[in-house]
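Good morning, and thank you for coming. I will present one structure today, taking the chains in turn and then the places where they meet.

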Amino acid sequence: MVKLLHTLQTVDRRVLYALLLLSVTLPFMPTFSNIKVPVKISPSTQKLYDTIESIPEDSFIIFGTDWSAGTRGENGAQTEALMRHVMKKKLRFAVLCFDPQAATLTQTMAEKLQKQYGYSEGENWCNWGYRVQEQLFFKALANNIVSTVKADTRGRAIETLPVMRGVTSAKDVKLLVNINPTNSYTYYIQYLQGPYHIPLVFAPTAVMAPEAFNYLDSGQIAGMLNGLTGAIEYEQILNVVGRATKDSNCLSAAHLLIIFLMIMGNIAMLLEKRAAKANAAMHLGGQV
Amino acid sequence: MASLFVPAKGGAWDIRVVGVFALCVLLFALLQLTPKQYRKYVIQFVTLIAGLYYALEFFWPISHVTGPTKGEAEGNFLTPSMEQISDWLTIIAAFTVGLGVINLSMVHSKRLTKGGNTAFNSLVFFLATLAMVVVGVLKKSHPNSLTSNLYQILFDGALTTLDATMFSIIAFYIVSASYRAFRVRSTEATILLITAVVVMLGQIAVGQALTRGIHSSTLQVLHFEVVRDWILTLANAAAVRAIGFGLGIGGLAVALRIWLGLERGSYFDGQG
C-alpha cells in the first residue's frame with residue numbers, strides 16, 4: 001500500500017503530459033465532438049450581448065483585438081463569436097490592434113466570416129492595422145480619427161473608404177469592443193470610454209477576467225466574455241456552432257483532468273502521511 | 001510646425017530622409033560628446049518637458065479648438081500639437097526595437113564566435129531575423145504573389161505557430177504543478193484548493209451539468225456557476241480593488257519621482 005502511495009506521489013511527469021495530450025485531443029474525435037453539453041449564460045455575457053443589441057444598425061464601432069497566436073484558443077474564439085454578432089447586427093467596424101500578430105489574425109478571421117454575412121472590406125469594415133503607444137494613439141484618435149489613422153492596412157486613405165462615412169472623431173464611435181489577454185483595456189477606459197461615454201465591451205482570457213470585474217461592477221465595462229467559456233455562452237445565445245462550441249468538450253476534459261490530479265495528489269499525500277504515522281507508531285510500540 | 005508633417009513624395013521625401021538621418025547622427029554625436037556629469041541633466045530636462053506637455057494638456061481647461069488638419073475638436077491650445085507629438089513618441093518608441101535587435105545581435109554574435117552547444121541556436125536567430133526582415137521589406141516594396149506567399153509561410157507557418165506552441169507548453173507545466181504542488185498543507189491552502197475546484201467546475205459545461213439536477217429554488221445557489229459568479233464578482237473583486245488602489249498610488253509616486261528627476265537608479269545616477 002505504502003509503495004503504491006509512494007508511486008502515486010512520484011508519477012513521472014511524462015505520464016501527466018500524456019494524459020493532458022489525450023484529454024485535449026480526444027474530445028475532437030467524432031465520437032466525442034458530437035456530445036454537446038449546454039452552459040448557463042452568465043450575467044456578464046448577457047450584458048455584453050444586450051449592449052451590442054442596443055446599438056442601432058449601421059453604427060460605426062471600433063473592434064480592438066490585441067491578442068497573438070499564444071492566446072488564440074480563447075481570444076480567437078471570442079473574436080469569432082463577437083464578429084459574428086457585429087456582422088449579424090449590420091454594424092460598420094474598424095479593426096484596431098496593438099499587437100503585431102493581431103492585425104493579420106483578425107484580418108483572416110474577418111475575411112472568412114464576411115462571405116457568410118454579406119460583408120465586404122472597405123464597404124462594411126476595414127483594418128486600421130497595428131499601432132503603438134495606446135495612450136498617445138487614443139488621445140490623438142479621440143479628436144481626429146482621419147488624421148491619426150491616415151490609412152488602412154492596404155494603404156488606402158481611410159476617408160476614401162465607405163465604411164468610414166460620417167466618422168471623424170470619437171463622438172462618432174458608438175461602441176468599443178476589446179479582445180485582449182492583457183490589462184491594456186484600461187487605456188480604452190481612460191481615453192475613450194470615460195471622456196466620451198462610449199460603451200466598452202471586453203473579452204479577456206479566463207486568467208485575466210478576475211481583474212476586470214471591478215470595471216464591470218462600476219459600469220465602465222458594459223459587458224464581458226470570461227475566457228473561452230464566455231465565447232461558448234455567446235455562441236449559445238447567437239445559436240451558432242462556431243469555434244468556441246467545438247472547443248467546449250476539450251476545455252471540460254482539460255479542467256476535469258487538472259481537478260482529478262489535484263485531488264489524487266492530495267489524497268496520496270494524506271494517505272502516505274497517515275501510513276507513515278502508523279509505521280512510526282508501530283516502530284515505537286516494538287521498541288517499548 | 002504642422003506643415004513639416006505633410007507627407008512628402010519623390011525627391012522631397014529622399015531629401016527629408018537624408019536630412020533626418022544626418023540630424024540623428026549629429027544629435028547622437030552631441031550626446032556622446034556631452035560630459036558624463038551633464039548627461040543626467042539633459043535626460044532630466046527632456047523628461048520634465050515631455051511630461052509637462054501631457055500634464056498641462058490634460059489639466060488645462062478645454063474649449064473648442066480647430067485641429068491641425070481638418071475638423072473641430074475639444075481641447076486647449078496644446079491639443080492641436082497632440083498628433084505630431086504622438087508621432088514623435090511613436091518614432092522614439094520604434095528605436096527601442098532597434099535597440100533590442102542590436103542587443104540580441106551582440107549577445108548571439110558572441111555565442112556564435114565562441115562556438116559550443118548554443119552556437120547553432122544563435123545561427124538560427126540570425127537566419128530567422130534576416131529572413132523575416134528581407135521578406136517583410138520585399139512584401140511592401142515589391143508586392144506580388146511570391147513575396148506575399150513567402151511572408152505568409154514565415155508569418156502563419158512559423159511565427160504564429162511557434163508562438164502558440166510556446167504558450168501551449170504552459171498547460172503541461174500547470175498539469176504537473178497541479179499534481180505536485182497544489183497540496184492542502186495549511187488552512188489557507190485548503191481554502192484556495194476548494195475555491196479553485198469550484199471556480200473551475202463552474203467554468204466548464206460538464207461541471208455546470210453536475211449541479212443542474214438541483215431544482216429547488218432555495219438550493220439553486222449551490223449551482224457551481226452561481227458559486228463561481230459569487231466568488232468572482234464579490235470576494236475576488238474586493239481583493240482586486242484593494243490591490244488596484246495600492247498599485248495606483250505606488251504608480252503615481254514613481255511617475256512623479258521620474259518626472260521631477262528625483263528617481264535614483266540607472267537612468268539618472270548611471271549617467272552622472
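Let me begin with a definition: a residue is called buried if 20 or more other C-beta atoms lie within 10 Å of its own. Please also keep in mind that this is a predicted model.

With that term in hand, consider helix α10 of chain A, residues 209-218. Which residues of this helix are buried? They are A:Ala209, A:Ala212, A:Phe213, A:Tyr215 and A:Leu216. An α-helix has 3.6 residues a turn, so residues three or four places apart point the same way. The buried residues of α10(A) pack against several elements of chain A, namely α4 (43-54), α9 (185-196), β5 (200-203), β6 (223-224) and α11 (227-238). They also pack against α8 of chain B. Just after α10(A) comes A:Gly219, which takes a positive phi of about 90 degrees.

Chain A contains twelve helices and six strands. Its radius of gyration is 24 Å, whereas the globule rule gives 19 Å for 288 residues, so chain A is more spread out than a compact globule. Taken along the principal axes, the C-alpha atoms of chain A fill a box of roughly 95 × 40 × 35 Å. Of the 288 residues in chain A, 48% are buried. If we take the contacts in chain A between residues at least 6 apart in sequence, 74% join residues at least 24 apart.

Chain B has eight helices and two strands, and along the sequence they follow the pattern α-α-β-β-α-α-α-α-α-α. For chain B the radius of gyration is 28 Å, while a compact globule of 272 residues would have a value near 19 Å. The C-alpha trace of chain B spans about 80 × 60 × 45 Å along its principal axes. Buried residues account for 10% of the 272 residues in chain B. Among contacts in chain B between residues at least 6 apart in sequence, 34% join residues at least 24 apart.

How do the chains meet? In this model, 48 residues of chain B are in contact with 51 residues of chain A. On the side of chain B that touches chain A, the elements giving two or more residues are β2 (72-75), α3 (82-114), α5 (145-180), α6 (187-203), α7 (205-210) and α8 (224-259). The largest share, 14 residues, comes from α5(B). By type, the residues of this side are 25 nonpolar, 15 polar and eight charged.

Two packed helices are described by the angle between their axes and the distance between the axes.

In one pair, helix α2 of chain A (residues 13-25) meets α5(B): the axes come within 9 Å and cross at roughly 120 degrees. That angle makes α2(A) oblique to α5(B), and the crossing is right-handed. Here A:Arg13, A:Leu16, A:Tyr17 and A:Leu20 meet B:Ala171, B:Phe172, B:Val175, B:Ser176 and B:Tyr179.

The crossing of α7(A) and α3(B) is left-handed. From α7(A), A:Leu136, A:Phe137, A:Lys139, A:Ala140 and A:Asn143 meet B:Met82, B:Glu83, B:Ser86 and B:Leu89 of α3(B). This contact divides into five nonpolar, two polar and two charged residues.

Thank you for your attention.

Notes. Residues are numbered from 1 along each chain as its sequence is written. Chains are lettered from A and ligands numbered from 1 in the order in which they are written. This is a predicted model: local features need pLDDT of at least 70, side-chain atom pairs count only at pLDDT 80 or more; totals for chains, interfaces and linings use all residues. Two residues are in contact if their C-beta atoms, placed from the backbone, lie within 7 Å. Helices (H or I, at least four residues) and strands (E, at least two) are DSSP runs, numbered from the N terminus. Ala, Val, Leu, Ile, Met, Phe, Trp, Tyr, Cys and Pro count as nonpolar, Asp, Glu, Lys and Arg as charged, and the others, Gly among them, as polar. A crossing is left-handed if the near helix is turned anticlockwise from the far one by less than a right angle, and right-handed if clockwise. The radius of gyration is taken over C-alpha atoms; the globule rule is 2.2 Å times the number of residues to the power 0.38. A residue is buried if 20 or more other C-beta atoms lie within 10 Å of its own, exposed if 12 or fewer, and partly exposed in between; C-beta atoms are placed from the backbone. Axes are lines fitted to C-alpha atoms, for helices over the stretch in contact, and angles run from 0 to 180 degrees between N-to-C directions. Angles under 35 degrees count as roughly parallel, over 145 as roughly antiparallel, 65 to 115 as roughly perpendicular and the rest as oblique.
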